[in-house]
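Here are my notes on this model. Please read them with the structure open.

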Amino acid sequence: MGEKVMIRVRMSLHDAHYGGNLVDGAKILQLFGDVATELLIRHDGDEGLFKAYDDIEFMAPVYAGDYIEATGEIVKVGNTSRKMVFEARKVIAPRPDISDSAADYLEEPIVVCRASGTCVVPKDKQRKGKK
């Protein structure tokens, strides 16, 4: 295991779902799904399917304009299952109090969500490691 995948995305006003430009937590789970897909492609040569989350913890709010870095890694491999852990961190935050275009790079990223889950790649779809 040990291979990590990371994507970084800026949350837009389109992603904001609640008052104050608050982004729905489901958007972070969508990022985790994209990370999981890349992990499965690298590991098995197939996109696989997300079966279930075991744990999800939302830890800090995400707003339109925030840059979110989502990471994940496979921590356990079964016959068809792949146990994964994920973390999303806010790495850039807008500063509308200064100006419309001001933003800060965060020296200490803020963890906004942690999760773990299981994905499945059916045996007949696994291409990596086959001769």
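1. Basis. This is a predicted model: local features need pLDDT of at least 70, side-chain atom pairs count only at pLDDT 80 or more, and totals for chains, interfaces and linings use all residues. Residues are numbered from 1 along each chain as its sequence is written, and side-chain values use heavy atoms, without hydrogens and water.

2. Helix α1. Residues 25–44 form α1, 20 residues in length. Helices are DSSP runs of H or I, at least four residues; strands are runs of E, at least two. From first C-alpha to last, α1 reaches 28 Å, close to the 28 Å expected at 1.5 Å a residue; the expected span is 1.5 Å times one less than the number of residues.

3. Helix ends. At the start of α1, a side-chain oxygen of Asp24 comes to within 3.1 Å of the backbone nitrogen of Ala26. Just after α1, Gly45 has a positive phi of about 75 degrees.

4. Stacked pair. The rings of Phe32 and Phe86 are stacked, because their centres are 5.1 Å apart and their planes at 20 degrees. Rings of Phe, Tyr and Trp (its six-membered ring) pair with centres within 6.5 Å; planes under 30 degrees apart are stacked, over 60 edge-to-face, the rest tilted. Phe32 is in α1 and Phe86 in strand β6, 54 residues apart. Both Phe32 and Phe86 are buried (under 20% relative accessible area; exposed is over 50%, partly exposed in between; 1.4 Å probe, protein chains only).

5. Cluster. Phe32, Phe50, Tyr53 and Phe86 form one aromatic cluster. Tyr53 is partly exposed, at 27% relative accessible area.

Technical notes. Polar contact = N/O pair within 3.5 Å; in protein donor to acceptor, adjacent residues only side chain to side chain.
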